[in-house]
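Student: I would like to go through this model with you. Please show the sequence and structure.

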Amino acid sequence: MIDSTSIIGRAPMGPFVVAERTDWIEPDASEFRFQETGCPFITNAFKTQQLSDLKGRVRSMDTFIPREQGDLLFSLVRHLKPLQTIEIGLANGISALHIARAIRENGCGHHWAIDPYQTTDWHGVALASLRQTGLDSLVSLDERPSHWAVPDLEEAGGRVQFAFVDGSHLLDYVMADFMMIDRILDVGGLIAFDDSDWPAVLHVIRFAVTNCEYEVFPTGVVIEPSPFRPRLLTKLARRLVHGSARLQRIVRRSFSIPDAERGIEGRCVVLRKTANDSRHALQGQPEDF
Ligand SMILES: C[S@@+](CC[C@H](N)C(=O)[O-])C[C@H]1O[C@@H](n2cnc3c(N)ncnc32)[C@H](O)[C@@H]1O
């Protein structure tokens, strides 16, 4: 047990607890099934687009993940049966509600949520929702930015098997979030990125699958697929590049290999950690991604 006030910072929903169990076993990926969360509170929130804050005031739900994406997070946590999950970016708590609901149905696990603005900008809306649904005992909140909170968790020996990244969307912050989570994610664990189709997030995903020990986890679900299809000219140019070793050295991989071909599609891409990082620290040049 960790004293939240001394080591991990503010945790209004109870102290951060580092799971004593370390016996997590990765399930067979072929057993993954997409399923609906089936929570009346969540159904009502999406219907009314309203939630209450900690003082009982009704607030409009302006920032949140789509319902199907919530179901995807729920399904992933049901599948993995993780001992510990982590989320960067709590906001209205829609993602946290789905994750915590899955933890309750699993009968094991705990969720760490990180967001520096929950009780200020967000008026504690997520905390209130988690309390109303009786899920609050399954969640701890660290109200500090992720670059303070996650390293403390690592230092305290914290490990996770599932992570959801939805904090700052600046390239350097998303990359830092990925790097910090990689350090505490068990091999076989999953990391899901919100807004995977935003350039900064896409960049980090491409980097992870090209330079780190990650592969796309095939969920069979594409959240908000892009309506754009490559033009004929783009297809022809790609064919040209594929046929020429010289062009392949010059043209960026992000152009020559379409993301969809690598399984990178839609708003929520999920990556599986295949091994621990074994790159040499002075390797320098990353492989083109
Ligand atoms: C898009 S919202 C998250 C939505 C939430 N996942 C949901 O489904 O309701 C992004 C959140 O990231 C938080 N955030 C911004 N910078 C952050 C940082 N450096 N560390 C952690 N959270 C951050 C914001 O306060 C905001 O709540």
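Student: Which residues of α5 are buried?

Tutor: This is a predicted model; local features need pLDDT of at least 70, side-chain atom pairs count only at pLDDT 80 or more, and totals for chains, interfaces and linings use all residues. Residues are numbered from 1 along each chain as its sequence is written. A residue is buried if 20 or more other C-beta atoms, placed from the backbone, lie within 10 Å of its own. In α5 the buried ones are Val 125, Ala 126, Leu 127, Ala 128, Ser 129 and Leu 130.

Student: Why is helix α5 largely enclosed by the rest of the structure?

Tutor: Helices are DSSP runs (H or I, at least four residues), and strands are runs of E, at least two, numbered from the N terminus. Helix α5 covers residues 125-132. It is largely enclosed because the buried share of its eight residues is six.

Student: What do the buried residues of α5 pack against?

Tutor: Contact means C-beta atoms, placed from the backbone, within 7 Å. One partner is a helix, α4 (94-106). The others are β1 (50-52), β2 (58-60) and β5 (139-142).

Student: Which residue just after α5 takes a positive phi?

Tutor: The phi is about 70°. The residue is Gly 134.

Student: What is the radius of gyration of the protein chain?

Tutor: It is taken over C-alpha atoms, and the globule rule is 2.2 Å times the number of residues to the power 0.38. For 289 residues, a compact globule would have a value near 19 Å. The protein chain agrees, with 20 Å.

Note on methods. Buried ≥ 20, exposed ≤ 12 C-beta atoms within 10 Å, placed from the backbone. Contact = placed C-beta atoms within 7 Å.
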